[in-house]
Amino acid sequence: MTQETEEQWQPQVRARARQRAATSGGLVITCRATFGFTANGTSDDARVRDVITAVSPSHAARILDAKERGATDDELQPLLAEAITESYFREGGTARAGLRMNFRDVEHPQIDF
């Protein structure tokens with residue numbers, strides 16, 4: 001009975017968590033990667049950084065949709081880079097509007113609700 005309950009309950013819990021992330025809650029992305037920047041004609045050489053950042057529901061929706069469609073890591077990487085750039089480095093769109101980020105050598109990406 002426990003197994004049957006968990007089989008029914010877990011998909012519903014995951015579906016609600018995905019819906020909440022895509023509409024109001026967003027996601028938290030944690031990773032270690034090589035980041036480099038270009039902004040307003042200058043550049044910052046790439047270096048390894050550990051990043052933990054909450055991303056917006058709109059970015060969460062695109063990431064979750066891609067995962068649902070079976071996107072590969074190579075297809076997810078640009079979505080993660082865009083989400084991290086916007087939330088962490090551009091501070092949710094309130095700073096450094098011209099910043100472009102190079103994102104490579106990703107280690108242990110983790111996405112949490």
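A: Burial comes first. This is a predicted model. The protein has 113 residues, and 32% of them count as buried.

Q: OK, the fold. How many helices and strands are there?
A: The protein has 3 helices and 3 strands.

Q: In what order do the elements run?
A: Starting at the N terminus, the order is α-β-β-α-α-β.

Q: What share of the contacts links residues 24 or more positions apart?
A: Take the contacts with a separation of 6 or more. Of those, 64% join residues 24 or more positions apart.

Q: Now the inside. Which residues in the largest nonpolar core touch the most other members?
A: There are seven names to look up: Leu 27, Ile 29, Phe 35, Ile 84, Phe 89, Met 101 and Phe 103. The core has 19 residues.

Q: Which elements give two or more residues to this core?
A: Strand 1 (27-39), strand 2 (42-55), helix 2, helix 3 and strand 3 do. Strand 1 gives the largest share, 6 residues.

Q: What do nonpolar side chains tend to do in soluble globular proteins?
A: They tend to be buried together.

Q: Which elements give two or more residues to its lining?
A: Helix 2 (57-68), helix 3 (73-89) and strand 3.

Q: Which residues should I look for there, lining the largest pocket?
A: The lining includes Ile 63, Lys 67, Asp 73 and Leu 80. Phe 103, Val 106 and Pro 109 are also among the lining residues.

Q: How many of the lining residues are nonpolar, polar or charged?
A: The lining has 7 nonpolar, 2 polar and 3 charged residues.

Q: Let's zoom in on strand 3. Is Asn 102 buried, partly exposed or exposed?
A: Asn 102 sits in strand 3. It counts as partly exposed because its relative accessibility is 47%, and partly exposed runs between under 20% for buried and over 50% for exposed.

Q: What does Asn 102 touch beyond four places in sequence?
A: Asn 102 touches Thr 34, Phe 35 and Gly 36. Ala 33 is 69 residues away from Asn 102 along the chain, and their C-alpha atoms are separated by 9.9 Å.

Q: And Glu 107, where is that?
A: Glu 107 is in strand 3 too, residues 100-112. Its relative accessibility is 40%, so Glu 107 counts as partly exposed.

Q: Which residues does Glu 107 contact, leaving aside its neighbours within four places?
A: Cys 31 and Arg 32. Val 48 lies 59 residues from Glu 107 in sequence, with 10.0 Å between their C-alpha atoms.

Q: What about His 108, what is its phi?
A: His 108 has a positive phi of about 35°, although it is not a glycine. Most residues other than glycine have a negative phi. His 108 is found in strand 3.

Q: Last one: Pro 109. What is it in contact with, beyond its neighbours within four places in sequence?
A: Pro 109 contacts Thr 30 and Cys 31. Pro 109 and Ile 29 are 80 residues apart in sequence, yet 7.2 Å apart in space, C-alpha to C-alpha.

Key: Residues numbered from 1 in each chain as written. Predicted model: local features only at pLDDT ≥ 70, side-chain atom pairs only at ≥ 80, totals over all residues. Heavy atoms only, no water. Helix = DSSP H or I, 4+ residues; strand = E, 2+ residues; numbered from the N terminus. Buried < 20%, exposed > 50% of the residue type's maximum accessible area, 1.4 Å probe, protein only. Contact = heavy atoms within 4.5 Å. 1 Å grid on protein atoms, 1.4 Å probe; cavity = no way out; pocket = protein on both sides within 12 Å on 5 of 7 lines; lining within 4 Å. Nonpolar A, V, L, I, M, F, W, Y, C, P; charged D, E, K, R; others polar. Core = buried A, V, L, I, M, F, W, Y, C linked by side-chain atoms within 4.5 Å.
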